[in-house]
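Let's take a walk through this structure together, from its overall surface down to a few side chains. Keep the viewer open as you read.

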Amino acid sequence: MARDKQLFVTDQDNGLMLVNAYNPQEHGAYFSDIAEFVCDGLARCGYYKCAGDIMATNPEWRETRAEWQHCFRDWIETTGRRRSIGNLRRMMRG
């Protein structure tokens, strides 16, 4: 199973990837409200909010595609890990 840990108590870890044209002044409140709605809904379903604040309700986890690409490239290069994770590789293609 891809998510075996779901058999146990787990919390939320999520984020949003936004289009590069995203403008926080114009769109920030909208996506903040969406993130609150989704995370609150997940909490009502039994997925506790992340104590470490790794959720889309935290603006640090609402980034544009370019910002996420930079983040992942930095992570890969600084940790020296070159994993062939299909989803990560697809996202990194710009």
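This is a predicted model: local features need pLDDT of at least 70, side-chain atom pairs count only at pLDDT 80 or more; totals for chains, interfaces and linings use all residues.

Of the 94 residues in the protein, 22% are buried.

Now follow the chain. The protein has three helices and two strands, and from the N terminus on they come in the order β-α-β-α-α.

Find T57 in the loop that runs between α1 (24-44) and β2 (62-64). Is T57 buried or exposed? Its relative accessibility is 17%, and because the limit for buried is under 20%, T57 counts as buried. Setting aside neighbours within four places in sequence, the residues in contact with T57 are A35, E36, C39 and R62.

Next, turn to charge. Side chains of opposite charge can pair when their charged atoms come close. How many salt bridges does the model hold? The count comes to one salt bridge, and its partners are K49 and D40, whose side chains meet at 2.5 Å, N to O.

The aromatic side chains come next. A pair of aromatic rings is described by the distance of the centres and the angle of the planes. The count here is four aromatic pairs. In one of them, the ring centres of W61 and W68 are 5.7 Å apart and the planes stand at 40°, so this pair is tilted. That label follows because planes under 30 degrees apart count as stacked and those over 60 as edge-to-face, with the rest tilted. W61 is partly exposed at 28% relative accessibility, whereas W68 is buried at 9%.

W68 has a further ring partner in F72: this pair is also tilted, with 6.1 Å from centre to centre and 40° between the planes. Where do these two sit along the chain? Both W68 and F72 belong to helix α2 (residues 65-79), four residues apart, which is about one turn of the helix. F72 has a relative accessible area of 25% and is partly exposed. To finish, pick out Y22, Y30 and F31, which form one aromatic cluster.

How values were computed
Residues are numbered from 1 along each chain as its sequence is written. Side-chain values use heavy atoms; hydrogens and water are left out. Buried means under 20% relative accessible area, exposed over 50%, partly exposed in between (1.4 Å probe, protein chains only). Contact means heavy atoms within 4.5 Å. A salt bridge is a side-chain nitrogen of Lys or Arg within 4 Å of a carboxyl oxygen of Asp or Glu. Rings of Phe, Tyr and Trp (its six-membered ring) pair if their centres lie within 6.5 Å; planes under 30 degrees apart count as stacked, over 60 as edge-to-face and the rest as tilted.
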